[in-house]
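Subject: Handover of a structure and the findings on it

Dear colleague,

Please find below the structure that I am handing over to you.

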Amino acid sequence: MKSNKVFDALIIGSGASGGMAAKELTARGFDVLLLEAGPPVNPARDFTHHAWPYQVMYRGFGPPGWKQQEQWMQDTASHFSRHFYVKDSEHPYTTDPGKPFMWVRARIVGGKTLHWGRLSWRLSDLDFKAASHDGFGDDWPISYSELAPYYDRVEEFIGVSGNADGLPHLPDGKYMPPMPLTCGEHLLRKGAEKTGRRAISMRVAMLTSQPKSFMKGRRKCHYCGHCGDGCDVNAMFSSIASTLPLAAATGRLTLRPNSIVRHIVTDRNTGKAKGVAFIDRVTRDEYEVNAKVIVLAASTLESTRILLNSRSEHHPQGLGNSSGMLGRYLVDHFGGIGASGFFPMLAGRDPLNEDGKATGVFIPRFRNLDQKTRHPKFLRGYGFECGAGTSLFPGMARRLITGFGADYKKQVRRFYTAPVGMTVRAAMLSRFENYVELDPSGVVDAWGIPVLKMHIQYSDNEREMAKDAAETSEEILRAAGAEVVSTGGQMTAPGRIIHELGTARMGNDPKTSVLNRFNQMHEVKNVFVTDGACFVSSANQNPTLTILALTLRACEYLADEFKRGEL
Amino acid sequence: MLREAENPGSQVARLTGNQRKLHSIHGVLRGRVVDGQFEVQGQPYRFSFVPTTAALVVGRLVLTGRMTVYSPQLGMRFVDAVEAQAIAIQGGVGVSPVRRQLLTGTAQTSQTSTSEQKMEQEKGPETDLQPGLHPFETPRLDELGRPVVESTGPLSFAGVLYFNLSPLNDLTLGVPLDLSKVQLNLRLAPTDDLARDLQTIFSRMTDALYDGVIDESAAREQVEELNRIFKF
């Protein structure tokens, strides 16, 4: 079957970045094809957010062994959300012994926006210009003032609840009212302040007031607390609730699910992209489709994998990779370190619906902001995500309380209302030696596409930061009046926080970067990479808001260049 | 609600002429048997691979054994002397299995590893939703008093082994696909003691063979252990 159809733009991936690109480009008159590797989603069938554990077999833990055998790396997948995630058995990747990487992936229309954490922080120039600040690595090729208008637009579009807190290193934005704190979180906030640290309401992409006129089909959060299983009222931002319906309404979007991109096809004469080759996930038929511009938004490592697999005469090391930088500077945030305990003054009170509010308190970065806060043993910094209050499953019962029988039950009921915990979200330095490559031994996935081999380890900088975070978290909990039960923990394996970033970074110099300051490939002008792969450094803030803002900015530039015939 | 175009029809060009291949199959260890399933045109095909010998060939682990396929139409078919060469690994993440000292030719039970693994399964994931409500893992510190990284270094273990199978005959096995180059992904998620022992051996083996410098004598010890187990 031959096809002469040439789309204006082809977007790969329908998650946060792909959805935003689809909305923006269709609004600007582009005829867009969006390829999504996974199946379509039907909220009526696939969202099980109001199901109780006791309504299903195995109380929501799933059949014995399913996770270990099928979705062992999809850590946040539960019985209720397992269909949002890939099966590891079909999507392999490799590592060296002793250096694992946890790669959590969602191949489905909407991608990880169906179950993301929703925390929406801006980066500041302390992050964009981090290298100038402390001498390590490279600055981003953009500054906060350039991205700030796009942050504004994104926040207003997706709906973010939070406070204006006046912290220069965590710039304020356009917010709906914040979700209220629990009693324990108020105590924690006061404790943090006693130690000289701020504690603020988390800023989350959830509607806490009446939706604006363009937020069709979305409603206020009703505090059911099951956001990770899919939100049927669309209070939380997701592609399927927000960006994709608007793109579809223009009549200029063609969305094709179950389309696994094998590689980008390039023109033999010019080296420019002319389309993509993809495989139908279900039938395994192979296709090619043509487009004038390609937007890669398949997620950080999938986008880089597609580029590495797009080898040709013009691009023997992968598309746009004559610098050898493609795949380099992989980072994730780390967690796993913190402290937990309980507030004696909250023990034994009547329980409330406190985990319906799917957010908590955040203690923003307080290290290395200036000379006064400089830490002698590490660069950059970390924040603490904290929560306190009752939750559906009394997780503290297993390790914080010992005993058995009636007395044990009594203790669980007593302390059920009192737990408090804080865990770190910390920056990882972007280093050349942390990278991905196509697996050199030739491992492929279920469709015969070469897979990635991950090479990533923490440095002494992260380890020193972890030690400091463990000590500081205990200090804060004690200042808040909590009984501390456990401190420290283990640093999470790279990938576990699901903030993998870098590998196709932006920069002004084509010798040391893959993309220019508008997410456009230095070497292939009609290819843009708009997901987390473009990050130059990780900061310690959750990245999705920045990905959305960068996508918006890149699409604006793309449209202008397209009109001028520069692509 | 959003509607997707299942098939943009003539807007994309379908490529023809490619013979359909079976690229990779996935199995888990049950005892010493690799059990799994793949689909061809919506039909499930169960398979099992039973290794009977292990060897080191040019610094790589090679298992030899019987491949059996249960075809929905043709029933059970098998091929002997199928070679599976381990080409790569994936490190596991989670609670490390306890690396036990194996007693020659026997499979000792270990409640320690099973209960720790069970605890890990029951632990809620660390998420952005009300973080910190889950108790932290028992702290382990490095020599400088810094927290260690989960599932790395001495806490590490092999999660998946990737094997290239020697060419299989699609007609013999009754699978309507090209089987000339099939990759076997062996997930090590043991639920029995023999599989746990094998995971320990495979973890030691990968340390010896697949981490830069090859330690052939350490690998040979593990090959001997494997052959002892495969004899039973």
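Predicted model: local features only at pLDDT ≥ 70, side-chain atom pairs only at ≥ 80, totals over all residues.

The chain as a whole

Chain A contains 13 helices and 16 strands. For its 567 residues, a compact globule would have a radius of gyration near 24 Å; the value for chain A is 23 Å, which agrees. Along the principal axes, the C-alpha atoms fill a box of roughly 75 × 55 × 50 Å. Of the residues in chain A, 60% count as buried. Among contacts in chain A with a separation of 6 or more, 71% are between residues 24 or more positions apart.

Helix α8 and its neighbour α1

Because 10 of its 11 residues are buried, α8(A) is largely enclosed by the rest of the structure. Its buried residues are S239(A), I240(A), A241(A), S242(A), T243(A), L244(A), P245(A), L246(A), A247(A) and A248(A). They pack against α1, α6 (144-158) and β5 (253-256) of chain A. Just after α8(A), G251(A) takes a positive phi of about 80°.

The axes of α1 (residues 16-27) and α8 (residues 239-249), both in chain A, come within 7 Å and cross at roughly 25°. The two helices α1(A) and α8(A) are therefore roughly parallel to each other, the cut-off for that description being an angle under 35 degrees. The crossing in which α1(A) passes α8(A) is left-handed. On the α1(A) side, the residues in contact are A16(A), G19(A), M20(A), A22(A), K23(A) and T26(A), and they meet S239(A), T243(A), L244(A), L246(A) and A247(A) in α8(A). By type, the residues of this contact divide into 6 nonpolar, 4 polar and 1 charged. As background to such lists, an α-helix has 3.6 residues a turn, so residues three or four places apart point the same way.

Y58(A) lies in the loop between α2 (43-46) and α3 (66-70) of chain A. Its phi is near 60°, a positive value in a residue other than glycine. Y58(A) is exposed, since 11 other C-beta atoms lie within 10 Å.

R380(A) is found in the loop between β10 (361-363) and β11 (382-388) of chain A. Its phi is near 65°, again positive in a residue other than glycine. Is R380(A) buried or exposed? With 26 C-beta neighbours inside 10 Å, R380(A) counts as buried.

E523(A) sits in the loop between β15 (483-489) and β16 of chain A. It counts as partly exposed, because it has 18 C-beta neighbours inside 10 Å. Leaving aside residues up to four places away in sequence, E523(A) touches G320(A), S322(A) and P510(A). From D96(A), E523(A) is 427 residues away in sequence and 31 Å away in space, C-alpha to C-alpha.

Yours sincerely

Note on methods. Residues numbered from 1 in each chain as written. Chains lettered and ligands numbered in written order. Axes fitted to C-alpha atoms, helices over the stretch in contact; angles between N-to-C directions. Helix = DSSP H or I, 4+ residues; strand = E, 2+ residues; numbered from the N terminus. Parallel < 35°, antiparallel > 145°, perpendicular 65-115°, else oblique. Left-handed = near helix turned anticlockwise from the far one by under 90°. Contact = placed C-beta atoms within 7 Å. Nonpolar A, V, L, I, M, F, W, Y, C, P; charged D, E, K, R; others polar. Rg over C-alpha atoms; globule rule 2.2 N^0.38 Å. Buried ≥ 20, exposed ≤ 12 C-beta atoms within 10 Å, placed from the backbone.
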